[in-house]
Amino acid sequence: MTETATPARVPATRFAVPGRIAVSEQAAAVWQTATLTGIRRETPHASTFRFAVPDWAGHLPGQHLLLRLTAPDGYVAQRHYSIASAPDGSGHIELTLDHVRDGEVSGWFHTTARPGDTVELRGPLSGFFAWPGDRPALLLGAGSGVVPLMSMIRYHRALGLDVPLRMLVSARSPEELIYARELGAETAAVFTRSAPAGVPVGRLAAAHLAPLLAERPPGGWEAYVCGSNGFAEHASRLLVQAGQPVERIRIERFG
Ligand SMILES: Cc1cc2nc3c(=O)[nH]c(=O)nc-3n(C[C@H](O)[C@H](O)[C@H](O)COP(=O)(O)OP(=O)(O)OC[C@H]3O[C@@H](n4cnc5c(N)ncnc54)[C@H](O)[C@@H]3O)c2cc1C
């Protein structure tokens, strides 16, 4: 579910990143066959699944898609997943899935899916949580909520953008921190259950946000918050209390 207090700044029907990818709503309405080409373990409970989607029309960082599995007896399960990869025109996209206990779709991916398997996808969906790379962005994520934010970071790096981008992520432990190997100087992590020696254990707090908000980039921060309902409430409340305008907080809830 996506929320924003502002009208979407990105047109909902056609996205245009200068010189790059245009996506129409029409393309997002069509189910496409995606072939699983690779699986990469990220943490003990999360893996990245890479798909070839030859007719993928492109996406903006932060967008998600609808994935459909159909059983031999015709039973269908559909779930939303954020797109982890940056738009790159390669005809491939990546999703990162947490293995939810007894989860129907995530369980299939983590226990059964093999390269060569096919699924159906429809997207990209929702321009509200998209970041076109044109404004300073402050990213707050917890657990698999880091997935759409990683797409933004990858895009920022791939294009060599100099617009400020900062990320604060919350994970249970360093082992559970998705994309740990890829995170760079733009990211700070908060650990809620166990942390490396010398690093305090605790929830995201005002003290973590204060130095980032104090940077005051030209034009101000656009905040993107993603995670469970609980995290989204907590993080957005902290942002508002610290003075971030409520209409410049975009929220994506996985709950
Ligand atoms: C916009 C959007 C983007 C999303 N992006 C991602 C993503 O990038 N990566 C990702 O891993 N997930 C993402 N999700 C969550 C995803 O859609 C599924 O809810 C999740 O994979 C569980 O589906 P399942 O079929 O495995 O479990 P289900 O069979 O639906 O549920 C099994 C059990 O787990 C509980 N449960 C369901 N969902 C969750 C959850 N998220 N956390 C904990 N318990 C749960 C249910 O209450 C139930 O008891 C996103 C959700 C939304 C709305």
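**Close-up 1. Arg 101 in the loop between β8 and α2.** Arg 101 sits in the loop that joins β8 to α2 (104–111), in what is a predicted model. Arg 101 counts as exposed because 8 C-beta neighbours lie inside 10 Å, where the cut-off for an exposed residue is 12 or fewer. Ala 142 is 41 residues from Arg 101 in sequence, and the two C-alpha atoms are 18 Å apart in space.

**Close-up 2. The contact between domain 1 and domain 2.** The protein is divided into domain 1, residues 22–125, and domain 2, residues 137–253, and the C-alpha centres of these domains lie 24 Å apart. Across the contact, 17 residues of domain 1 meet 16 residues of domain 2. On the side of domain 1 that touches domain 2, at least two residues come from β4 (32–43) and at least two from β8 (92–98). The residues on that side of domain 1 divide into seven nonpolar, seven polar and three charged.

**Close-up 3. The largest nonpolar core and Tyr 224.** The largest nonpolar core holds 58 residues, of which Leu 149, Tyr 224 and Val 225 touch the most other members. Helix α3 (residues 146–159) gives the most to this core, with seven residues. Domain 1 and domain 2 both contribute residues, and the core therefore lies between them. In soluble globular proteins, nonpolar side chains tend to be buried together. Not counting residues up to four places away in sequence, Tyr 224 touches Gly 62, Phe 129, Trp 131, Ala 137, Leu 139, Leu 149 and Arg 250.

**Close-up 4. Helix α3 and its buried residues.** With 14 residues, α3 reaches 20 Å from its first C-alpha to its last, close to the 20 Å expected at 1.5 Å a residue. Because 10 of the 14 residues of α3 are buried, this helix is largely enclosed by the rest of the structure. The buried residues are Val 146, Val 147, Pro 148, Leu 149, Met 150, Ser 151, Met 152, Ile 153, Tyr 155 and His 156. After α3 comes Gly 160, whose phi is positive, near 60 degrees.

Close-up 5. Helix α5 (residues 229–241) has 13 residues and spans 18 Å from its first C-alpha to its last, close to the 18 Å expected at 1.5 Å a residue. Phe 231, Ala 232, Ala 235, Ser 236, Leu 238 and Leu 239 are buried in this helix. Gly 243 follows α5, and its phi is positive, near 105 degrees.

**Close-up 6. Arg 193 in the loop between β12 and α4.** Arg 193 has its place in the loop between β12 (187–191) and α4, and counts as exposed because 10 C-beta neighbours lie inside 10 Å. Not counting residues up to four places away in sequence, Arg 193 touches Arg 172, Ser 173 and Val 201. Pro 174 is 19 residues from Arg 193 along the chain, and 9.5 Å separates their C-alpha atoms.

Terms used. Residues numbered from 1 in each chain as written. Predicted model: local features only at pLDDT ≥ 70, side-chain atom pairs only at ≥ 80, totals over all residues. Core = buried A, V, L, I, M, F, W, Y, C linked by C-beta atoms within 7 Å. Buried ≥ 20, exposed ≤ 12 C-beta atoms within 10 Å, placed from the backbone. Helix = DSSP H or I, 4+ residues; strand = E, 2+ residues; numbered from the N terminus. Domains from an automatic or database assignment. Contact = placed C-beta atoms within 7 Å. Expected span 1.5 Å × (residues − 1). Nonpolar A, V, L, I, M, F, W, Y, C, P; charged D, E, K, R; others polar.
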